[in-house]
Amino acid sequence: MPREEISSDWYKDIIIYEIPIKSFRDSNGDGIGDFPGLTGKLDYLKNLGVTALWLLPFTDSPLKDDGYDIRDYYNIYPSYGTMDDFLHFLEETHKRGMRVITELVLNHTSNTHPWFVSARSSRDSPFRDYYVWSDTPDRYKDTRVIFNDTEKSNWTWEPKTRQFYWHRFFHHQPDLNFENPQVQEELLKVVKFWFRLGVDGLRCDAVPYLYEREGTNCENLPETHLFMKRLRAEVDLEFPGRMLLAEANQTPQDVLPYFGNGDEFHMAYHFPLMPRLFIAIAQGDRRSIVDILEKTPPIPDSCQWAIFLRNHDELTLEMVSDLERDYLWTIYAQDPRMRLNIGIRRRLAPLMQNDRRKVDLMYSLLLTFPGTPILYYGDEIGMGDNVHLGDRNGVRTPMQWSFDRNGGFSRANPSDLFTPPIQNALYGYQVVNVENQIDFPTSPLNVLRQMIQIRQSSRLFGRGKMKLLTPKNTHVFAYLRESEEDVVLVLNNLSDRTESVVLDLSRFRGYVPVELFSGKRFPRILRAHFHFTISPYGYFWLRLLLPEEEAGRRRIRAARKTSPAAPPAFRELLEREAPG
């Protein structure tokens with residue numbers, strides 16, 4: 001779709017689908033997913049209803065951290081294809097009206113990047129100041145070690161030049177020195193290179209850690225915001241309509257400055273929301289969600305939260321209390337192999353004990369909350385995970401397309417796959433796959449597709465306001481999503497029992513609630529208090545219609561029934577006017 005046909009804040013109305021290239025589809029039989037394979041599955045993604053694809057790192061890398069250890073910012077990792085393959089993918093994605101968001105790893109490189117290879121070889125290297133060096137590991141003592149289960153310090157000794165180098169993540173990922181203006185220029189060149197190719201957005205990795213300063217925790221420093229304002233200004237000037245998404249695993253109050261005054265990031269992840277969703281469904285109580293929503297400050301009108309249930313990393317528990325973390329580990333990660341860093345490395349379906357009701361309820365929450373939802377590849381069919389694989393690889397296994405060899409992912413010999421597909425009795429590709437689900441209306445795939453269609457039928461979900469309702473029954477989480485022209489009431493039963501709830505809907509006396517999935521009309525709201533009964537882990541999405549609006553809808557539905565031979569354009573108009 002031409003860019004001029006879409007508003008500059010298009011990111012508020014999209015559904016993002018996250019994809020590791022290596023895991024999605026192998027086109028040439030080498031056992032590794034690639035761009036031609038992904039391109040061949042674009043129609044599947046279009047039919048699912050997603051409108052933007054977020055690609056994990058795909059440029060050249062030694063893959064010690066799945067591509068986040070960058071060796072070359074400008075060239076495609078050979079197993080994933082060529083630059084021509086990427087450009088063809090980009091063109092075909094845009095033809096289908098979908099956007100492409102790629103990774104920008106700002107904070108660090110691989111220790112095999114030519115800059116660092118030179119920097120570590122001599123203190124006189126022209127790239128020495130591209131990184132942070134010290135004679136002692138005692139600098140920046142107030143800075144936490146993020147991967148404290150594998151790294152004992154943020155400093156690593158370099159024997160050839162006899163100094164320590166700084167890294168916030170793995171020791172093979174030295175941090176770049178943003179105090180050096182040349183480093184800033186290099187990264188700005190990278191940003192402009194990918195935007196010139198036609199990428200629509202950049203997901204900026206690990207942005208709170210760009211600068212260091214003694215006497216601080218080396219996170220969220222003012223210098224970081226100055227650089228991001230400069231980056232945003234240059235993007236807006238040369239590439240209007242492109243988007244920057246911040247990965248800042250911080251509290252909502254600490255993330256707020258990354259929006260600036262609408263002059264830093266367009267979007268940022270709401271990390272603390274995710275674990276509260278899992279607490280709420282485990283406890284059958286809304287209070288943990290309400291608490292984090294009430295602590296979430298307003299953001300600039302041009303900005304947007306990115307929200308998700310799971311992704312390629314562990315379910316991070318950094319933003320919960322010690323007590324909450326212990327609780328989540330006890331409920332969701334009883335096997336120590338399921339834990340990683342301060343988090344849980346499992347997919348959505350296993351976290352929900354493969355209970356379809358819970359999975360669907362989680363999607364009801366995700367797709368009706370304010371913000372732009374992100375789906376993780378394979379979760380739409382209920383894929384499982386493999387705790388026997390190291391690091392985060394257990395949630396990055398091959399996509400399960402069919403019950404054929406290798407789950408339809410690759411024609412390679414199974415021993416040649418980058419990692420084995422899931423093969424157990426509950427989540428194995430012989431049971432859980434796209435082919436099994438695509439023709440069954442009540443399959444996980446098609447229920448989620450229907451949810452997406454309903455969400456995308458109104459801009460209210462991406463842009464409207466949210467008003468929390470506070471019934472006495474805390475097992476029910478109810479809220480209104482409102483815009484100037486639309487009102488939707490959402491009810492979610494977080495418990496494993498049928499729950500009754502009474503809501504004060506006096507504002508909407510005379511309105512008719514219409515259930516968005518079935519089109520069923522509830523009784524007109526005639527009293528201040530309205531009673532609902534909701535099945536275990538059930539949910540309602542109810543559009544509230546004024547009486548005259550309801551009468552108009554009925555006339556349109558009657559016209560639709562009596563005019564089966566109406567021209568397609570007219571039928572499409574009727575569908576738009578009467579989505580119920």
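Here is a short briefing, grouped by topic.

This is a predicted model, where local features need pLDDT of at least 70, side-chain atom pairs count only at pLDDT 80 or more, and totals for chains, interfaces and linings use all residues. Residues are numbered from 1 along each chain as its sequence is written, and side-chain values use heavy atoms, with hydrogens and water left out.

**Cores**

- The largest nonpolar core has 146 residues, and Tyr17, Leu45 and Leu55 touch the most other members.
- A nonpolar core here is a set of buried Ala, Val, Leu, Ile, Met, Phe, Trp, Tyr and Cys residues joined through side-chain atoms within 4.5 Å.
- Buried means under 20% relative accessible area, exposed means over 50%, and partly exposed is in between (1.4 Å probe, protein chains only).
- Leaving aside residues up to four places away in sequence, Leu55 has contacts that include Ile19, Phe35, Phe86 and Val100; contact means heavy atoms within 4.5 Å.
- There is also a second, separate core of 20 residues, with Leu469, Ala478, Leu505 and Phe532 among them.

- Helices (H or I, at least four residues) and strands (E, at least two) are DSSP runs, numbered from the N terminus.
- S7 pairs with strand S3 (residues 99–105) in the parallel sense over 5 bridges; two strands count as paired if DSSP finds at least two bridges between them.
- Thr102 has Leu202 in S7 as its bridge partner.
- S7 also pairs with S8 in the parallel sense, over 4 bridges, and Arg203 stands opposite Leu245 in S8.
- From S7 the chain crosses through H7 to S8, and this β-α-β crossover is right-handed (with the strands pointing away from the viewer, the path from the first strand over the helix to the second runs clockwise).

**Helix H7**

- H7 has 17 residues (222–238) and reaches 25 Å from its first C-alpha to its last, close to the expected 24 Å; the expected span is 1.5 Å times one less than the number of residues.
- Which residues of H7 are buried? They are Thr224, His225, Phe227, Met228, Leu231, Arg232 and Val235.
- Seen down the axis of H7, these buried residues fall within an arc of 160°, so they line one face of the helix; the arc is that of the directions from the helix axis to the C-beta atoms.
- Leu226 and Leu237, on the other side of H7, are exposed.
- Helix H6 (181–197) and strand S8 (243–246) are among what covers the buried residues of H7.

**Helix H9**

- H9 (residues 273–283) is mostly covered, with 9 of its 11 residues buried.
- Its buried residues pack against several elements, including helix H10 (287–294), strand S10 (304–308) and helix H13 (356–368).
- After H9 comes Gly284, whose phi is positive, near 65°.

**Two aspartates to look at**

- Asp66 has a positive phi near 55° though it is a residue other than glycine, and it is found in the loop between strand S2 (52–55) and helix H4 (83–95).
- Asp391 has a positive phi of about 50° and is not a glycine either; it lies in the loop between strand S14 (372–376) and helix H14 (434–437).
- Buried or partly exposed? Asp66 is buried, at 11% relative accessible area, whereas Asp391 is partly exposed at 29%.
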